[in-house]
Amino acid sequence: MNEPRRVERQQTDKGYVPVYTTAIIEQPADYPAADHDTWGKLYERQRELLVGRASDEFLQAQDAMGMSPDRIPRFSELNEILGRTTGWTIIGVEGLLPELDFFEHLANRRFPVSWWIRRPDQIDYIAEPDLFHDLFGHVPLLMNPVFADYMQAYGAGGVKAHAIDPQALVHLTRLYWYTVEFGLINTPQGLRIYGAGIVSSKGESLYSLEDDAPNRIGFDLERIMRTRYRIDTYQKTYFVIDSFEQLMQSTAPDFTPIYARLHARLHAQDAIPAGEVQGTDHVFHRGSGEGWATDGDV
Ligand code: PHE
Ligand code: FE
């Protein structure tokens with residue numbers, strides 16, 4: 001049995017920093033009733049919101065995996081069906097991992113999931129990834145063969161970028177952010193959500209699709225790699241893919257020359273602000289920018 005969660009953040013001379021632990025943690029045999037309740041509340045609220053807003057692939061995968069509001073899913077049960085479909089495995093962790101560990105897990109089709117769920121007072125917002133974000137948000141699309149391959153390729157690409165230089169990682173991380181976490185997909189029925197950071201948030205599920213404020217711009221690999229993002233507010237810009245195949249194909253080429261080009265040309269100040277629209281963008285929606293914070297892009 002795991003010990004209760006201890007330190008989440010440690011104070012250093014740089015302020016509070018997350019504590020990274022690499023250990024794989026077994027899912028507890030059971031959770032307190034209050035934890036199952038938190039899962040159930042979040043599950044029901046999000047599912048109701050997401051029908052007609054999340055991509056069909058995402059919703060169907062959740063059903064196929066047997067996720068339900070009744071209780072926190074067992075990793076072992078999810079692993080059986082994942083293993084049969086795309087060969088992915090969920091592993092339990094305490095929280096964020098050191099970058100290279102995270103990449104290596106993905107490259108080996110292992111997806112790290114926080115074993116603990118947020119407290120009831122954190123239903124609407126939590127700064128770090130908990131079990132609800134990871135399981136409800138990330139795991140369903142691992143059932144999709146193309147997306148499953150994309151995640152593995154991203155991990156392998158991360159291992160490579162890590163060996164190149166820190167700037168390569170900055171560029172690669174932006175791709176993860178604007179696809180895996182905050183991606184939208186265009187369908188005949190309209191824009192739909194597939195990013196885990198959106199589907200696990202009530203507010204952002206509505207904001208990303210329906211609010212006038214944010215930009216919605218067509219997927220463009222190098223453009224995304226140059227674009228700063230938000231970690232403490234909703235995104236100012238969402239990028240829209242046409243299909244998971246498009247995502248896979250446009251990210252398949254070796255990034256090494258792209259990193260070299262971006263690196264030679266760009267310094268930190270050349271990065272594109274999170275809310276900027278450029279002349280070459282394929283604009284689905286130009287945001288009004290209402291309510292945007294004036295600084296704080298990462
Ligand atoms: N083609 C990428 C590279 O060479 C690997 C990758 C694939 C990265 C998909 C991200 C997503 O680094
Ligand atoms: Fe996430």
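Me: Is Arg-109 buried or exposed?
Reply: In this predicted model, Arg-109 is buried, with a relative accessible area of 17%. The cut-off for a buried residue is under 20% relative accessible area, so Arg-109 falls on the buried side of that limit.

Me: Where does Arg-109 lie?
Reply: Arg-109 is part of the loop between H4 and S4. Its backbone has a positive phi of about 60 degrees, although Arg-109 is not a glycine. Most residues other than glycine have a negative phi.

Me: Which side chain does Arg-109 meet in a salt bridge?
Reply: The partner is Asp-149, and the N to O distance is 2.3 Å. Asp-149 belongs to helix H6 (residues 145-164), while Arg-109 sits in the loop between helix H4 (99-107) and strand S4 (110-114), so the pair ties together parts that are 40 residues apart in sequence.

Me: And Asp-149, how accessible is that one? What is its relative accessible area?
Reply: Asp-149 has a relative accessible area of 36%, and is therefore partly exposed. Arg-109, by contrast, is buried.

Me: How many salt bridges are there in total?
Reply: The count comes to 14 salt bridges. In general terms, side chains of opposite charge can pair when their charged atoms come close.

Me: Which residue forms a salt bridge with Lys-160?
Reply: Lys-160 pairs with Asp-254, and their closest N and O atoms are 2.6 Å apart. Lys-160 lies in helix H6 and Asp-254 in the loop between helix H11 (244-251) and helix H12 (256-265), so this pair ties together parts that are 94 residues apart in sequence. Lys-160 is partly exposed at a relative accessible area of 35%, and Asp-254 is also partly exposed, at 44%.

Me: What about Arg-71, what does its side chain meet?
Reply: The side chain of Arg-71 meets that of Glu-77 in a salt bridge, with an N to O distance of 2.9 Å. Arg-71 is partly exposed at 36% relative accessibility, and Glu-77 is partly exposed at 43%.

Me: Which residues are linked in a network of salt bridges?
Reply: The network links Arg-230, Asp-232, Lys-236 and Asp-297.

Me: Let us step back to the charges overall. How many positive and negative side chains are there?
Reply: The protein has 28 positive and 43 negative side chains. The centres of the two sets lie 2 Å apart.

Me: What share of the residues is buried?
Reply: Buried residues make up 51% of the 298 residues. The accessible surface comes to about 13900 Å², and 51% of that surface belongs to carbon and sulfur atoms.

Me: What share of the contacts joins residues 24 or more positions apart?
Reply: Such residues account for 69% of the contacts with a separation of 6 or more.

Me: Back to the helices. How many residues of helix H5 are buried?
Reply: Eight of the eight residues of helix H5 (residues 131-138) are buried, so this helix is largely enclosed by the rest of the structure. Among them are Leu-131, Phe-132, Leu-135 and Phe-136, as well as His-133 and Asp-134.

Me: One last residue. Where is Arg-74 found, and what is it in contact with?
Reply: Arg-74 is found in the loop between helix H2 (56-64) and helix H3 (75-85). Beyond its neighbours within four places in sequence, Arg-74 is in contact with Gln-27, Pro-28, Ala-29, Asp-30 and Tyr-31. Arg-74 and Pro-28 are 46 residues apart along the chain, and their C-alpha atoms are separated by 9.3 Å.

Conventions: Residues numbered from 1 in each chain as written. Chains lettered and ligands numbered in written order. Predicted model: local features only at pLDDT ≥ 70, side-chain atom pairs only at ≥ 80, totals over all residues. Heavy atoms only, no water. Buried < 20%, exposed > 50% of the residue type's maximum accessible area, 1.4 Å probe, protein only. Contact = heavy atoms within 4.5 Å. Areas by Shrake-Rupley, 256 points an atom, 1.4 Å probe, with all protein chains shown as cover. Lys, Arg positive; Asp, Glu negative; His and termini not counted. Charge placed at Lys NZ, Arg CZ, Asp CG, Glu CD. Salt bridge = Lys/Arg side-chain N within 4 Å of Asp/Glu carboxyl O. Helix = DSSP H or I, 4+ residues; strand = E, 2+ residues; numbered from the N terminus.
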